[in-house]
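Let's take a friendly look at how side chains pair up in a protein model. Have the sequence and the 3D view ready as you read.

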Amino acid sequence: MAPWGELLAGVRGVLLDISGVLYDSGAGGGTAIAGSVEAVARLKRSQLKVRFCTNESQKSRVELVGQLQRLGFDISEGEVTAPAPAACQILKERALRPHLLIHDGVRSEFDQIDTSNPNCVVIADAGESFSYQNMNSAFQVLMELENPVLISLGKGRYYKETSGLMLDVGPYMKALEYACGIKAEVVGKPSPEFFKSALQAIGVEAHQAQ
C-alpha cells in the first residue's frame with residue numbers, strides 16, 4: 001500500500017460519510033466502526049480540512065454530533081453538512097410551506113419554517129411514521145397543488161443498523177413520485193449541489209478533495 005502522504009498528494013480536503021462509515025446506528029447510540037475514531041483523529045492532526053456529510057434525517061445535527069462525541073469522535077455541529085438545514089434554506093428562498101413527512105427527531109430543524117397552508121411536501125426517513133395514513137396525507141397535499149413540489153432528504157434504498165438492514169426514504173419517495181406523476185427534488189447525497197455546499201464550507205475545490 002502506498003504511504004499516507006503519497007495517497008493524499010494534491011488533496012486539501014476530505015469529505016467523510018457518517019452512517020455505515022464511521023458508525024452503525026442502532027439501540028444505545030450505535031457502535032463505532034473499528035478504526036474509525038482513530039482515522040478521524042489522524043485526519044484532523046494532518047493539514048487536511050475535514051467535513052462530515054450525512055443523509056441522517058432521523059436526528060438533528062445537535063443530537064447526531066452528541067451521539068458521535070459519546071462514541072469518541074472529535075466532531076462539532078459546525079463541521080456537519082446535513083440535508084435538513086439545506087432543505088430549510090431552499091424552503092425559505094422559494095417561499096415554500098411544507099407538509100412534513102419526517103421523523104420527530106429531526107422536526108426541531110424546521111422550527112423556523114412556516115408549515116401553514118402547505119404548497120409542497122418534504123419527506124425524510126420517517127421510520128415508524130411511514131404509515132398508510134401519513135403517506136396518503138402527503139399524497140393528497142401533492143395532488144391538490146397545481147405545481148406539486150416534493151423535496152426528499154436523500155433517496156437511499158436502505159441502511160444498516162446494529163439490528164439489521166432498514167428501509168430508507170427512497171422507496172417512499174418513489175411511491176409518491178409514481179402516484180403523483182412527478183419527480184422529487186433530492187436534497188442530500190448523491191446530489192452534486194449537496195457535495196458542492198460541503199466543499200464550499202471548507203474552501204476546497206472538487207479536484208482537491210477526497
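The side chains of Glu177 and Lys174 come together in a salt bridge, with 3.4 Å from N to O; a salt bridge here is a side-chain nitrogen of Lys or Arg within 4 Å of a carboxyl oxygen of Asp or Glu. This is a predicted model, where local features need pLDDT of at least 70 and side-chain atom pairs count only at pLDDT 80 or more, while totals for chains, interfaces and linings use all residues. Residues are numbered from 1 along each chain as its sequence is written, and side-chain values use heavy atoms, leaving out hydrogens and water.

- Glu177 and Lys174 both sit in helix α6 (residues 170-180), three residues apart, or about one turn of the helix.
- Helices (H or I, at least four residues) and strands (E, at least two) are DSSP runs, numbered from the N terminus.
- Glu177 is buried at 8% relative accessible area, whereas Lys174 is partly exposed at 43%.
- Buried means under 20% relative accessible area, exposed means over 50%, and partly exposed lies in between (1.4 Å probe, protein chains only).

**Other salt bridges**
- Side chains of opposite charge can pair when their charged atoms come close.
- In total, the structure holds eleven salt bridges.
- One of them joins Glu185 and Arg94, at 2.7 Å from N to O.
- That pair links distant parts of the chain, 91 residues apart: Glu185 is in strand β11 (residues 185-187), and Arg94 is in the loop between α4 (83-93) and β6 (98-101).
- Glu185 is partly exposed at 30% relative accessibility, and Arg94 is partly exposed at 40%.
- Arg107 and Asp104 also meet in a salt bridge, at 3.4 Å from N to O.
- Arg107 counts as partly exposed at 32%, while Asp104 counts as exposed at 59%.
- Lys44, Asp74 and Glu79 are linked in a network of salt bridges.

**Aromatic pairs**
- The structure holds two aromatic pairs.
- Rings of Phe, Tyr and Trp (its six-membered ring) pair if their centres lie within 6.5 Å; planes under 30 degrees apart are stacked, over 60 edge-to-face, and the rest tilted.
- Phe130 and Tyr172 are stacked, with 3.6 Å from centre to centre and 10 degrees between the planes.
- This pair links distant parts of the chain, 42 residues apart: Phe130 is in the loop between β7 (120-123) and α5 (132-143), and Tyr172 is in helix α6.
- Phe130 is buried, with a relative accessible area of 12%.
- Phe194 and Phe195 form an edge-to-face pair, because their ring centres are 6.2 Å apart and their planes are at 70 degrees.
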